[in-house]
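Please walk me through this structure, beginning with the loops and ending at the ligand. Plain paragraphs will do.

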Amino acid sequence: MPLHVLEHPLAAHIITHLRDQTTKPATFRTLAYQISLLLAIESTADLPTEPKPIATPLEKMTGRVLAAQPIVVVPILRAGLGMVQPFTDIFPDVSVGYIGLERDHTTAIARSYYCKLPPLAGRQVFVVDPMLATGCSAVKALTVMKEHGATNATLVCIVSSPEGVAEVEQHHPGTVIHTAALDRTLNAKKYILPGLGDFGDRLYGT
Ligand code: URA
């Protein structure tokens, strides 16, 4: 299964402080930025490059630059917003789309209440959502990306549950998932254990 768990001492350090319930929102936001930056770098390791002849102050050489294949980052509102800035900081030609999802209380199915997307065909799409819990939102978001022409969508999460990963694999087999932590399970309220609590609440202090 194309699941990539970030293995890096700095990632472990950041995740531990994100999990710590005594971490305050201001620090939480900084840590969320830092772990998302590591994930942005890791999840884009396969982006195509092309040769570019240049001259250093000493001699000519051919370097490599990112190929003209703009990437698209799509946060799932609202918590996904906390993962966008690292992508826009490091990629010059990134476009940002938005998708808002809510759960229908009677059917328990995720429904899109807001969707604003740039053209997705032929572009590398990164759906970002910090907590891959039941996987319902991720599955719906990936479905919407495909409906809008995406053929290459990667899911980037900070903490994932085995249940969420399985749900994505069942509905969108072969989807590449990058996560900074793969946790144990979900509790009865569908929170990830050990997890870090409600990411959006901790990010925005609500
Ligand atoms: N969303 C969160 O913010 N936390 C969880 O544990 C699960 C879903």
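**From the loops to the ligand**

Lys190 lies in the loop that runs between strand 12 (185-186) and strand 13. The model is a predicted one, and in it the phi angle of Lys190 is near 70 degrees, a positive value in a residue that is not glycine.

The peptide bond joining Leu193 and Pro194 is cis, with omega about 0 degrees. A cis peptide bond also joins Leu77 and Arg78, again with omega about 0 degrees. Arg78 belongs to the loop between strand 4 (71-77) and helix 3 (84-90).

Helix 6 spans residues 199-204 and contains Phe199. The structure holds 2 aromatic pairs. In one of them, Phe199 is paired with Phe28 in an edge-to-face arrangement, with 5.0 Å from centre to centre and 65 degrees between the planes. This pair links distant parts of the chain: Phe28 sits in helix 2 (residues 25-43), and the two partners are 171 residues apart.

Phe199 leads on to the ligand.

Which atoms of Phe199 and the ligand lie 2.7 Å apart? They are a backbone N or O atom of Phe199 and an oxygen atom of the ligand. Ile192 likewise places a backbone N or O atom 2.8 Å from an oxygen atom of the ligand. For Gly197, a backbone N or O atom lies 2.8 Å from a nitrogen atom of the ligand. On its own the ligand has 230 Å² of accessible area, and the protein covers 82% of this. As for where the ligand is placed, it sits in the largest pocket.

Conventions. Residues are numbered from 1 along each chain as its sequence is written. This is a predicted model: local features need pLDDT of at least 70, side-chain atom pairs count only at pLDDT 80 or more; totals for chains, interfaces and linings use all residues. Side-chain values use heavy atoms; hydrogens and water are left out. A polar contact is a pair of N or O atoms within 3.5 Å; within protein, one must be able to donate a hydrogen and the other to accept it, and residues adjacent in sequence count only if both atoms are side-chain atoms. Accessible areas come from the Shrake-Rupley method with a 1.4 Å probe; for residues, only the protein chains shown count as cover. On a 1 Å grid over the protein atoms alone, a cavity is a set of points where a 1.4 Å probe fits but cannot get out, and a pocket is an open set with protein on both sides within 12 Å along at least five of seven lines; lining residues have an atom within 4 Å of a point. A molecule sits in a cavity or pocket if more than half of its atoms lie within 2 Å of its grid points. Rings of Phe, Tyr and Trp (its six-membered ring) pair if their centres lie within 6.5 Å; planes under 30 degrees apart count as stacked, over 60 as edge-to-face and the rest as tilted. Helices (H or I, at least four residues) and strands (E, at least two) are DSSP runs, numbered from the N terminus.
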